[in-house]
Amino acid sequence: MVNIYILTLFPQMFEGPFSAGLFQKAVERGVVKVDIRNIRDYTHDKHHTTDDYPYGGGAGMVMKPEPLFEAVEAVKNELSQQGIENVPVILLSPQGRLFTEQVALELSKHTHLIFICGQYEGIDERVSEYLATDEISIGDYVLTGGELAAMVVVNAVVRLIPGFLGSPDSLLSESHTTGLLEYPQYTRPPVFRDWAVPEVLLSGNHAQIAQWRREQSLLRTAKRRSDLLAKANLYPEEKRFIQRLETSVDIGVKEQ
Ligand code: ADE
């Protein structure tokens, strides 16, 4: 069971992704609990101000630190009363460390996680420096706010929690868990518009199927993401397979 706290100015953005498909089932089964809080509820002035002009000038507005500190402290105090301490406070921002399956695995070990979604052109630096314990970016591009990034991170983390997926085996072979891209998958019909399913998959020979899949993973990773291959844990035989690929003519050709 993981408890996710999300601090945002746009709680309504989370209604879709968290109330459909596998995620919703996980909520219903009690594998995950999501608590979405409006940062605006932690302001005290008449206009519920959450942003202000940047010191030093420049375009855009900056999120004020006070409501964010108050919101995080409110959650932490509630948890503290239940004896729960040292909860990670994760700020989503394009300046954070890059999110990967490895980071998702790391976060999935915690029972409680607090996410702060920034808006506007920036967040007062004291939030990153003195409130957040971690800062995560989902990629080298800029979104209008941290909400979509929080959804991505929470989705990837929650599906790693035991009990989330029907079969734990589905985690073992998929892209990025193994350090390689996943092999191609097929279902019926065996021939669709003249495109046949590779024969080996219909053979019933499990050893041959396993070997074909591993080779396809290696081939696909070599063609599309050679950066991943360099880091992957390969058997000597697999390294030789890759070396043979690299000397063959078609390896430089990008897959369609
Ligand atoms: N907020 C804006 N852009 C972002 C990104 N790339 N990752 C995480 N949070 C963000």
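Helices (H or I, at least four residues) and strands (E, at least two) are DSSP runs, numbered from the N terminus. The model is predicted: local features need pLDDT of at least 70, side-chain atom pairs count only at pLDDT 80 or more, and totals for chains, interfaces and linings use all residues. Residues are numbered from 1 along each chain as its sequence is written, and side-chain values use heavy atoms, with hydrogens and water left out.

**View 1. Lys76 in helix α2.** Helix α2 spans residues 65-81 and holds Lys76. Beyond its neighbours within four places in sequence, Lys76 is in contact with Val89 and Ile114 (heavy atoms within 4.5 Å). Asp124 lies 48 residues from Lys76 in sequence, with 20 Å between their C-alpha atoms.

**View 2. Two domains of the chain.** Domain 1 covers 2-158 and domain 2 covers 172-247; these bounds come from an automatic or database domain assignment. Taken over C-alpha atoms, the domain centres are 37 Å apart.

**View 3. The second largest pocket.** This pocket (on a 1 Å grid over the protein atoms alone, an open set of points where a 1.4 Å probe fits, with protein on both sides within 12 Å along at least five of seven lines) holds about 400 Å³ of space. Its lining has 26 residues, of which Leu92, Ser93, Pro94, Gln95 and Ile123 are the closest to its centre; a lining residue has an atom within 4 Å of a point. Elements giving two or more residues to the lining are β5 (89-98), β7 (122-123), α4 (125-130) and β8 (134-137). The largest share, five residues, is from β5.

Methods: Grid points are joined across faces, edges and corners, and a volume is the space filled by probe spheres set on the points.
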